[in-house]
Amino acid sequence: MYQHKQFALFIFVILSWVASFVGLAWYLIGADMPLMVFAAILVLVGFLFHGLTIKVDDSQISWGFGPGVFGDKLQLVDIIEAKAVENSFRHGIGLRITHDGWVYTVSGFSAVQLTLKDGSQYRLGTNDQDGLLAALAGKISEPVAEPEPTPV
């Protein structure tokens, strides 16, 4: 079984920067309700998106942010291709749908793209492309070539 967690360094930097302003406001104007609610939202976002964990076992691949939320799982028999790719700035961080399919990432540009039998794609951001590809090697089904039509 393969399991790897990538921590969200970029998200930590942004949240720390915003939290410094919240701390300054807290010091200057005191703890009022809107400021405490905003601080609680920052803590919640930090907890929910502190990393992305990817797991591969004998029958499925699963992933989730932080404590396992906003993720998904796929049966390995439904995957026909897994390849290393590089995300660009337009893919962003977090989860979103792009022209490349669903993108799940927390930091960096390295990812593994999974292509399913129905043609849909998922990009899973990881700083361990080689380890994830090795865990998937031999477990995914190869695409079946369609027979050539015979001329009449």
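Two strands count as paired if DSSP finds at least two bridges between them, and strands themselves are DSSP runs (E, at least two residues), numbered from the N terminus just like helices (H or I, at least four). Everything here comes from a predicted model, where local features need pLDDT of at least 70, side-chain atom pairs count only at pLDDT 80 or more, and totals for chains, interfaces and linings use all residues. Residues are numbered from 1 along each chain as its sequence is written, and side-chain values use heavy atoms, with hydrogens and water left out.

**View A. Meet the open sheet with strand order 1-2-3-4.** Its four strands pair in antiparallel fashion. Strand 1 (2-7) and strand 4 (69-75) sit at the edges, each pairing on one side only.

**View B. Zoom in on strands 2 and 3, an antiparallel pair joined by five bridges.** Here Leu52 stands opposite Phe65 of strand 3. Helix 3 packs on the sheet and touches strand 1, strand 2 and strand 3; contact means heavy atoms within 4.5 Å.

**View C. Now for the largest nonpolar core, with 30 residues.** Such a core is a set of buried Ala, Val, Leu, Ile, Met, Phe, Trp, Tyr and Cys residues joined through side-chain atoms within 4.5 Å, buried being under 20% relative accessible area (1.4 Å probe, protein chains only). Among the residues with the most contacts inside it are Trp63, Leu74 and Leu114.

**View D. Say hello to Val56 and its neighbours.** Leaving out residues up to four places away in sequence, Val56 touches Met1, Tyr2, Ile61, Leu76, Leu132, Ala135, Leu136 and Lys139.

Notes: Buried < 20%, exposed > 50% of the residue type's maximum accessible area, 1.4 Å probe, protein only. Axes fitted to C-alpha atoms, helices over the stretch in contact; angles between N-to-C directions.
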